[in-house]
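Let's take a walk through a protein chain together. Please have the sequence and the 3D view open as you read.

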Amino acid sequence: MSDISIDALGQAMGDFSNHEKHGFDLGAFVGDLAFEEDSGSEDISLEGLQQELEECQSDEVVSNILSSGAKLRDYAKGVENNLRKVELDSIEDYIKESDNLLSLHDQIRDCDSILSQMETLLSGFQEEIGSISSDIKILQEKSMDMGLRLKNRRVAESKLAKFVEDIIVPPKMIDVIVDGEVNEEYMKTLEILSKKLKFVEADQAVKSSKALKDVEPELEKLRQKAISKVYDFIVQKLIALRKPKTNIQILQQSVLLKYKYIISFLKEHGKEVFMDVRAAYIDTMNKVLSAHFRAYIQALEKLQLDIATAYDLIGVETRTTGLFSRAREPLKNRSAVFALGERIKIIKEIDQPALIPHIAEASSLKYPYEVLFRSLHKLLMDTATSEYIFCDDFFGEESIFYEIFAGPFSVIDEHFNPVLSNCFDAIGLMLMIRIIHHHQLIMSRRRIPCLDSYLDKVNISLWPRFKMVFDSHLSSLRDANIKTLWEDDVHPHYVMRRYAEFTASFIHLNVEYGDGQLDINLERLRMAVDGLILKLAKLFPRPKQQIVFLINNYDMTIAVLKEAGPDGGKIQMHFEELLKSNTSLFVEELLVEHFSDLIKFVKSRASEDSSSNPERSITIAEVEPLVRDFGSRWKTAIELMDKDIITSFSNFLCGMDILRAALTQLLLYYTRLTDCIKKIDGGSALNRDLVSIQSIMYEIRKYSKTF
């Protein structure tokens, strides 16, 4: 702050104070501030005047002045006088505060002095701080240098320590490898030895070190000793697998898996020995499992129940066919040839444990082959699953499984192929196909793929055999000897019952699978049996017997198909249509037998229009015999019809349906007759002989109650 300006301000303050003391004349001091007009000035420039006028147009003050009508010059003088008054008032305020301003001036001068001293002091501090910063920078550089050296030394120490630790052979490790027993401690020591061997082999810098020359021979001796020792140990465990009645899975899980690191060690540091161990395990397990499956299959074969032979076909008759030939003795379980029955339970018990042969044999139990088939493959699945998981865990490879199971697969094939080639049980074959399907699903849920190819192979072998046996049944229907099959009996034929049970079995077995090929085969079988049953029916001498025979067979077939499920599909619908059409034919035959004249008249004369042909009009003489005949014996005829139906039809319910249909049709014929009589002149004379519709309805209801 300049001292001159401060002194000048002080002097001015002094002068103001003196004037105040002697009476201050503001007007004299300021003078006359007049605004002089200078109209004669030639230096006035009008440049930009238009722009200023445009800007003032929107100015509120200018607009108010112009709108009031005042002259601009007078308004300017008024503004000038106001400014002058404000200026004088401001000067008076400054004079009144002169003492305070003087005091403020003194304080500012003192502050300026103090600040000057502080400036000098801070300048000294700044110089000292500059020197300290230089020293700190030097120290920082030294510290970074020392830190880098320390870091390098630590890295070198760490690498050297690791090198020493990896390459050194502790005496304790030598003692364990050479003299120790193979146990958990031995496994840990093997891991340490493996790390040292890998360290020596992997790092080129280590190979060129002098320390390795001293240690390498000892490491090689330890490697050979360890390989020899663990090989002997594993071989002893493999020998234990061959002992009779050894639980292989327990030995694998509780013993061998504890020492699976031995296999990893041999893979890495003793490849030839590992291949020997691998080959020894494959050979051992191949023989052990093959022997187990062979013994199990031999035990199962004793439990087999024969179901069907090549002669057990739908269209083959079982009676004596000649003078010197005799009927083949029926099997105890002949019904199982064509009917599914309780055999379906095998599907529901698909995941049950395998059979224990000696228990079943002690109980003198026999089973259809599909039960033995499921049990054998259940054992195969469980054994394969366990072995597959063990091989993957113990040896670290899946391919070893297929080498082990080449033997068991061969044993099963030796058993199954002859059985399959001599199997004539179509239902059993389809059950085996469904069993294989469920076993594939089970293995899929287990996520074990080792049996995929085997199960596919079995499935592929089952289908052609099933097709061959099924076609044999089909051919037996197509080529059946009608004369030997025919029996003078209108009740359901045994061939038709066989067909119904056979078809119902496959419909049941196909409910959850929707096999289109099986549906096609069943349709072919249906067409063949349709032709056969019609041929058998034609051998009856009377049409009524033919129809009764067909109705009984169709009704029986529908009943059997319904037992297989609520919806028999197209086949059931087909037989229901045939039953309906033949029922209508039988009703007509039955009514014609008892009311032939009435039916003939209704069909031929009742529908004629007498107005178009007066000569052929119906007369009382023509209908009176019909009315009297019907009235005299209609109840007796209904009783005879009832007895005829009861003796003709095997199914009582079906017979009652037919009787009700016949009575209903009879009522319709008689109603048409009464309508015709009403149209005849003088027909009212026959009213006393007519049977009332209510009476006929009562009789129909009476017979319906038995239903």
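This is a predicted model: local features need pLDDT of at least 70, side-chain atom pairs count only at pLDDT 80 or more; totals for chains, interfaces and linings use all residues.

Residues are numbered from 1 along each chain as its sequence is written, and side-chain values use heavy atoms, with hydrogens and water left out.

Let's begin with the overall build. The chain has 29 helices and zero strands; here helices (H or I, at least four residues) and strands (E, at least two) are DSSP runs, numbered from the N terminus. Of the 707 residues, 38% are buried. Buried means under 20% relative accessible area, exposed means over 50%, and partly exposed is in between, with a 1.4 Å probe and protein chains only. The accessible surface comes to about 42,200 Å², and 55% of that surface belongs to carbon and sulfur atoms; such areas come from the Shrake-Rupley method with a 1.4 Å probe, and for residues only the protein chains shown count as cover.

How do parts of the chain meet? Contact means heavy atoms within 4.5 Å. Among contacts between residues at least 6 apart in sequence, 80% join residues at least 24 apart.

Now look inside. In soluble globular proteins, nonpolar side chains tend to be buried together. A nonpolar core is a set of buried Ala, Val, Leu, Ile, Met, Phe, Trp, Tyr and Cys residues joined through side-chain atoms within 4.5 Å. The largest one here has 180 residues, and those with the most contacts inside it include Ile262, Tyr281 and Phe595. Helix α28 (residues 652-678) gives the most to this core, with 13 residues. If you pick out Tyr281 and skip residues up to four places away in sequence, you will find that Tyr281 touches residues including Leu238, Gln252, Phe390 and Ile404.

Next comes open space. A pocket is found on a 1 Å grid over the protein atoms alone: it is an open set of points where a 1.4 Å probe fits, with protein on both sides within 12 Å along at least five of seven lines, and lining residues have an atom within 4 Å of a point. The largest pocket holds about 550 Å³ of space, where grid points are joined across faces, edges and corners and the volume is the space filled by probe spheres set on the points. Its lining has 22 residues, with His292, Phe293, Tyr296, Leu379 and Thr383 nearest the centre. Helices α11 (248-254), α13 (271-301), α16 (357-362) and α17 (369-394) each supply at least two lining residues, and α13 gives the most, with seven. By class, the lining has twelve nonpolar, eight polar and two charged residues; Ala, Val, Leu, Ile, Met, Phe, Trp, Tyr, Cys and Pro count as nonpolar, Asp, Glu, Lys and Arg as charged, and the others, Gly among them, as polar.

Two loops deserve a visit. Lys245, in the loop between α10 (210-241) and α11, has a positive phi of about 60 degrees although it is not a glycine. Lys245 counts as exposed because its relative accessibility is 89%. Ser364 sits in the loop between α16 and α17, and its phi is also positive, near 60 degrees. With 63% relative accessibility, Ser364 counts as exposed.

Finally, is Tyr186 buried or exposed? Tyr186 lies in helix α8 (residues 184-202) and, at 0% relative accessibility, counts as buried. Leaving aside neighbours within four places in sequence, Tyr186 is in contact with residues including Val176, Ala226 and Val230.
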